[in-house]
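Keep the sequence and the 3D view open as you read.

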Amino acid sequence: MTAAVSLNSLPESLAGRRVSVQVPATSANLGPGFDTLGLALALYDVLVVEILPDAGVEIHVEGVGAGEVPTDESHLVVRSIAHVLAHYGYERPGLRLEARNSIPHGRGLGSSGAAIVSGVMAAKGILEGLVEISDNDALALATELEGHPDNVAPALFGGLTIAWTMPEGPQHKKLMVHRGVSPVVFVPEHVMSTALARSLQPESVPHEDAVFNVSRSALLVAALIQSPELLLAATEDKLHQNYRAAAMPETNALIVALRAAGYPAVVSGAGPSILVLASDPGQRLGAADLVASVSETPWQALHLAVDFTGSMQAPA
């Protein structure tokens, strides 16, 4: 049996410290870039954390998730803060959380990754003056909680991110996106379990499918940073979307219709939302008109900019 690790209390002088964090939504995979590529989108969750003099937590949620998410120590942001503090040898103090959420839950827009990054960044602010947490440290800690870096990397750093893992931990490269790229996300009323989506993936794929996705992933990076006119071809995929299609029939039908009409449509993350990487604002308006005309159920169209900043700490 492993002995319990003794944690130190934070200095009493930190009681009352407030940290404010803003974190963007993300879309992972982007078609062929399975578990590797991610894009930050200008839709934000905002969190204010205050250290209380006594133990316990107080959680107030506005917007998405209000009345639905836990308001005790099981809240993902609280667990993330506690994870980071324990990593550096400190026990979690009493906390008051005020969350203003805009990122839809269970729709493939990185809500859990955003909550984790919110907690990591809040802990960074709590520990300011005691511990220096680098960008690499933040990515490693967030990945430990999320399981893979493709959502947390763009949430942390913004823009288009390529994420990979080395023996020393997760790594990332941030790239700026061509100004012509105009994302639109179509969000349904129903949700999708990321665990279920991943369970539909086969353990191996045909060699030709792997080669196909390598070519499209390379092309997608070029299309997003330099040549948006190539986005339709660049977003083709044979690794994951077809396997998940049966679990998201409405999503799949709309993607087929959009792509047949020339729109670069992909499943956003694990779904069921759809991301269209339009090459100009007019193209995304056309995509919205098509979805409205062919869909039998409501889909909310979110016309979003690419977020180039990532998570930010701001005055509370």
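**A loop, a sheet and a helix**

Proline 272 sits in the loop between β8 and β9. Helices (H or I, at least four residues) and strands (E, at least two) are DSSP runs, numbered from the N terminus. A cis peptide bond links glycine 271 to proline 272, with omega about 5 degrees. Most peptide bonds are trans.

This is a predicted model, in which local features need pLDDT of at least 70 and side-chain atom pairs count only at pLDDT 80 or more, while totals for chains, interfaces and linings use all residues. Residues are numbered from 1 along each chain as its sequence is written, and side-chain values use heavy atoms, with hydrogens and water left out.

Now look at the strands on either side of that loop. β8 and β9 (residues 274-278) pair in the antiparallel sense over three bridges. Two strands count as paired if DSSP finds at least two bridges between them. Alanine 265 stands opposite valine 276 in β9. Both strands belong to an open sheet of four, in the order β8-β9-β7-β10, with antiparallel pairing. Its edge strands are β8 (265-267) and β10 (299-303), and each pairs on one side only. On average, neighbouring strands of this sheet are turned by 25 degrees against each other, direction ignored. Axes here are lines fitted to C-alpha atoms, for helices over the stretch in contact, and angles run from 0 to 180 degrees between N-to-C directions.

Helix α10 (residues 281-294) packs on this sheet. The helix touches β7 (182-188), β9 and β10, and its direction makes about 20 degrees with that of β7. Contact means heavy atoms within 4.5 Å.

Aspartate 280 caps the N-terminal end of α10. One of its side-chain oxygens lies 2.9 Å from the backbone nitrogen of glycine 282.

Which residues of α10 are buried? They are Gln283, Arg284, Gly286, Ala287, Ala288, Leu290 and Val291. Buried means under 20% relative accessible area, exposed over 50%, and partly exposed in between (1.4 Å probe, protein chains only). These buried residues pack against β7, α9 (249-260), β9 and β10. Take glutamine 283: its relative accessible area is 18%, so it counts as buried. Leaving out residues up to four places away in sequence, glutamine 283 touches Gly262, Tyr263, Pro264, Leu277 and Ala278.

**Elsewhere in the chain**

Turn to the loop between β1 (18-28) and β2 (37-52), where asparagine 29 is placed. Asparagine 29 has a positive phi of about 80 degrees, although it is not a glycine. Leucine 30 lies in the loop between β1 and β2 too, and its phi is near 60 degrees, also positive. Most residues other than glycine have a negative phi. Are these two buried or exposed? Asparagine 29 is buried, at 3% relative accessibility. Leucine 30 is buried as well, at 0%.

Next come strands β3 (residues 57-63) and β4 (residues 94-101), which run parallel and are joined by seven bridges. Glutamate 62 stands opposite arginine 100 in β4.

End at serine 204, in the loop between α5 (194-199) and α6 (207-225). Serine 204 is exposed, with a relative accessible area of 57%.

Conventions. Polar contact = N/O pair within 3.5 Å; in protein donor to acceptor, adjacent residues only side chain to side chain.
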